[in-house]
Amino acid sequence: MKGIISPVQNAMPSPTFLWRFKVTLFLIWGLTCCKISWDSVMRMDANLRDLFLYEAFLYYNPLLLVTMMVWLWGVNLWVFLQSTVSYTKVFDLDQNHLTHKETWKCSTWMTIIVPTSMTAYLYLYSHGEVSLAASQPVLLYILVAVILIFPFDIFYLSSRYFFLRTLFRIALPLQPITFPDFFVADILTSMAKVFSDLERSVCRMVNRQVATIAWLEADSVCGSHSVAIPMCLVLPYLWRLLQCLRQYRDTKEKNCLFNALKYSTSVPVIFLSALKYHVLHEKWETLYRPLWLLSSVINSLYSFYWDITRDWDLSGFSRIFKFNKSSVVSNMFYGRQWIYFWVIGSNFVLRCSWTYKLSAHLRHNYLTVFAITLLEMLRRFQWIFFRVENEWNKITRSGVQLTEIPREEEKLLGSNIHDV
């Protein structure tokens, strides 16, 4: 009868209860992992503890950083949803794109799986099961790779396809560059350390050096002096440089060349730093170290200038702080002056500190490098807000709708139905 609530409906738990229950389980799991990991580390010999933690950190650090970036991207999407910025039109997405809730669901599973594997690695090694411990990071990397390339329509197939296709377009810029192409490529430059650590990890897995000290010699195949480290660090910057050159070829805009020059300034920072391990100490101190310092200053200042004046279009301080023209200034944070003071100041500081990560000869303190990498990802997180907002302002000023623009790349790569 109408108005009568069935016993089954009345027994259903409320959404609030389910949310609290999930959070409670998540906290219990997190505390359990921390307790097991701490007890496992304390069981190890004090002389080998630091070396082992450094190795364990190397394997799991890249995936932990990726997990954090996925969490932050979900926050970006949530803020865009609350604002006047239509990120779906900026990225030219259909109605089935990956939402912030689905993004957070992915990051939640990543947050569970990666630390669980790390806890198993620490526990098994500390209890003498070295071969089982060595298999943990290998299985985790294989699982991630399988999920990414899984061909069936589960685990957000269209989103995975779009992501992999974008990576392919970034690595081989043989077609006109779209906003998602260089947007993702810019994010990859902030994750350059992830690339170098992935190379170190895979190298040790292939050479069966996991849970051993075979890599301890700096000049060994997978040692810390390998030339593969600077090659992986520079890779995202080279991709972005090639994109700029391709864009100049298509548009003939000189700004594309200046942007390419910006990415090229990171190359001497990376390779001059790596030279420390391959030249005499006196030559490093008298010649290469001053050149490295000079190139670091140039790279930091040039990148900061480009962020403010080009990527964010905040070059006119009267426009930033007076808010005279709401159609020109920020739509998302209109009237909030402190945000612009903060973003300019923090971006400058973090642009300078980011050089630390790019420099191989400063990477011996892995915890410091990890902290700086986290800060760089937070800088990129706030960069996303203003970069997407600036692109949206351009669209609204010009009256152009992205869905109306013919897309040449779709002729090359097929259907334009995708998620992100």
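**Salt bridges in close-up**

Asp-307, Arg-351, Glu-376 and Arg-379 are joined to one another in a network of salt bridges. The views below come from a predicted model, which holds 11 salt bridges in total.

**View 1. Arg-351 and Asp-307 meet in a salt bridge.** In this pair, which belongs to the network named above, the side chains come together with an N to O distance of 2.9 Å. Arg-351 sits in helix α15 (residues 337-358) while Asp-307 sits in helix α13 (residues 281-311), so the contact ties together parts of the chain that are 44 residues apart in sequence. Arg-351 counts as buried because its relative accessible area is 11%, which is under 20%, and Asp-307 is likewise buried, with a relative accessibility of 0%.

**View 2. Asp-307 also forms a salt bridge with Arg-379.** Here the closest N and O atoms are 3.3 Å apart. Because Arg-379 belongs to helix α16 (residues 366-398) and Asp-307 to helix α13, this pair ties together parts that lie 72 residues apart in sequence. Both Arg-379 and Asp-307 are buried.

**View 3. Arg-240 and Asp-186 form a salt bridge.** Are the two partners buried or exposed? Arg-240 counts as buried, at 3% relative accessibility, and Asp-186 is buried too, with a relative accessible area of 3%.

Methods
Residues numbered from 1 in each chain as written. Predicted model: local features only at pLDDT ≥ 70, side-chain atom pairs only at ≥ 80, totals over all residues. Heavy atoms only, no water. Salt bridge = Lys/Arg side-chain N within 4 Å of Asp/Glu carboxyl O. Buried < 20%, exposed > 50% of the residue type's maximum accessible area, 1.4 Å probe, protein only. Helix = DSSP H or I, 4+ residues; strand = E, 2+ residues; numbered from the N terminus.
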